[in-house]
Amino acid sequence: MNNLTINILDKSYTTPTDKNSKQVIKNFQLNLANNEFICLVGPSGCGKTTLLNILAGLDETFSGNIALSESQTLPKVGYVFQNPRLLPWRTVQENIELASEAKIETLDFLLESMGLATEKNTFPAHLSLGMSRRVAIIRAFAMDPDLLLMDEPFVSLDPPTARQAQQLLIDLWSKRPHKVLFVTHDLREAITLADRLIFLHSNPMSVIREIPVSIPRSERQNEVKIEQFRQQLFIDYPEITTLL
Amino acid sequence: MGFIYRRSILTLLSISTFLALWQGLAWYLNAETLPSPVTVAKVLITEIQSGQLSYHLSKTLYRLSISFSIAMLLGCAIGIVLGRHQKLNTFLDNWLVIFLNIPALVTIILCYVWFGLTETAAILAVVINKLPNVIVTIREGARSLDTELLDMAKCYRFSKSKTLRHVIWPQLHPFVMAATRSGLALIWKIVLVVEMLGRSDGMGYQLHLFFQLFDVASILAYTVAFITLIQGIELLILRPLDKHAQRWRR
């Protein structure tokens with residue numbers, strides 16, 4: 001089992017305008033088991049994106065430690081940003097190939113399973129937002145990462161499109177399991193997708209609750225069950241209501 | 001199709017109006033110093049037939065392309081570095097301001113004085129004149145690079161050359177084209193001065209000769225040839241390049 005241990009003791013920002021530094025993350029600890037799908041739920045602006053940037057190696061000014069249990073190295077990270085961040089001057093296929101060494105069969109399989117088989121040679125400007133996001137997800141899967149980070153990848157999609165994208169993501173993830181950290185502030189989305197929910201509070205960010213989702217994966221499409229689970233969460237853990 | 005047709009009609013009309021005005025003015029003034037387009041065309045044909053024009057034009061074109069390539073390559077490299085490194089930029093910015101403001105003539109004279117009346121000195125003088133312009137233009141582009149895409153490249157562990165080729169270069173493309181266009185316009189003017197002052201062939205040398213002979217028709221004939229050439233470069237090389245690089249836009 002190749003677990004991932006995340007231990008961030010302190011992450012602070014100093015803004016140029018005032019000299020006091022602001023602590024964004026304090027004592028954040030998380031352990032991801034192999035192929036575990038974790039949703040981080042918390043108010044916007046609580047530092048989730050900062051956390052993901054640290055995990056992706058884009059922000060190195062923090063104290064703490066991130067390591068895979070087997071190799072004690074930093075994980076190879078596939079990052080699905082909130083904006084798709086595709087290279088507009090490269091086609092869908094080129095965008096995916098540039099970020100990974102995926103074989104053409106893998107690429108075709110991924111495009112097929114995300115419903116984008118016909119868009120291989122399309123430039124991103126001709127894709128809808130939902131499609132661009134799916135391409136960004138494929139790009140992350142294609143590199144076969146140790147850890148997949150997803151920063152609200154389905155925000156601002158209309159509900160049917162978002163549901164379809166969630167379903168495609170889960171189908172793909174079941175076929176190609178990876179450790180996933182999925183940031184969202186939509187609790188229904190989190191319950192639909194996650195093995196485990198992590199509730200965060202802000203200023204500075206730290207974990208207040210970890211709750212496993214007990215609904216079997218086969219019943220996650222049942223919206224009544226999701227809603228029941230959600231209502232039960234509010235009864236069992238009233239403190240999370242303030243976060244949403 | 002109708003639009004393109006109308007446009008080419010307009011272009012034709014505009015050029016013939018220009019020629020008609022020129023012809024009219026030459027006719028009215030009837031002076032040695034303003035030959036008519038017909039006279040100029042005759043001279044142009046004789047010069048082409050004698051091989052003189054193509055000889056001198058190719059010399060100039062050779063100097064133009066060598067100095068242009070060196071200035072663009074160096075300018076892009078330095079521009080990218082300065083655009084990405086704030087401290088280095090602050091340090092070298094003053095040098096840049098100095099070089100931007102040295103008159104072209106001064107650079108040319110100094111190059112000839114220091115390095116002799118040689119081909120290398122001539123090309124060096126043109127490069128030094130053009131380089132600061134390229135650097136400034138490319139630097140603007142390198143400053144405004146999309147950090148989101150650079151972060152993406154870093155996260156997905158793009159190598160340096162991959163980042164340069166697929167992330168940075170396409171963003172710099174409009175700036176490179178701007179530097180190319182303004183550069184071409186600037187360089188050929190400087191090349192002529194360089195040739196006039198210290199070379200024994202090329203357009204600049206010929207123009208100087210015609211000036212001493214007061215041969216305005218030849219001067220105009222060479223000018224027409226040069227304008228055609230530069231327009232040819234724009235239409236046959238730059239436009240298709242531009243079109244290819246912009247194909248991803250909606």
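Predicted model: local features only at pLDDT ≥ 70, side-chain atom pairs only at ≥ 80, totals over all residues.
View 1. Residues are numbered from 1 along each chain as its sequence is written, and chains are lettered from A and ligands numbered from 1 in the order in which they are written. Helices (H or I, at least four residues) and strands (E, at least two) are DSSP runs, numbered from the N terminus.

**View 2. The buried side of α2(B).** Here you can find B:Val40, B:Val43, B:Leu44 and B:Glu47, the buried residues of the helix. They share one side of α2(B) because they cover an arc of only 105° around the axis, taken from the directions from the helix axis to the C-beta atoms. Their cover includes α3 (52–84) and α10 (216–245) of chain B, with contact meaning C-beta atoms, placed from the backbone, within 7 Å.

**View 3. α2(B) from end to end.** The helix takes in residues 37–50, 14 residues in all, and reaches 20 Å from first C-alpha to last, close to the 20 Å expected (1.5 Å times one less than its number of residues). B:Gly51 follows, with a positive phi near 85°.

**View 4. The open sheet of chain A.** Six strands line up as β5-β6-β7-β3-β8-β9 with mixed pairing; strands pair if DSSP finds at least two bridges between them. β5 and β9 (206–212) stand at the edges with a single partner strand each, so one side of each has no neighbour in the sheet. Neighbouring strands are turned by 20° against each other on average, direction ignored; axes are lines fitted to C-alpha atoms, for helices over the stretch in contact, and angles run from 0 to 180 degrees between N-to-C directions. Helix α1 (residues 48–55) of chain A lies across β3, β5, β6, β7 and β8 of chain A, at about 150° to β6(A).

View 5. A:Arg196 has A:Pro212 as its bridge partner, and A:His201 has A:Ser206. Four residues lie between the strands, and A:Asn203 takes a positive phi near 55°.

Methods: Buried ≥ 20, exposed ≤ 12 C-beta atoms within 10 Å, placed from the backbone. Contact = placed C-beta atoms within 7 Å.
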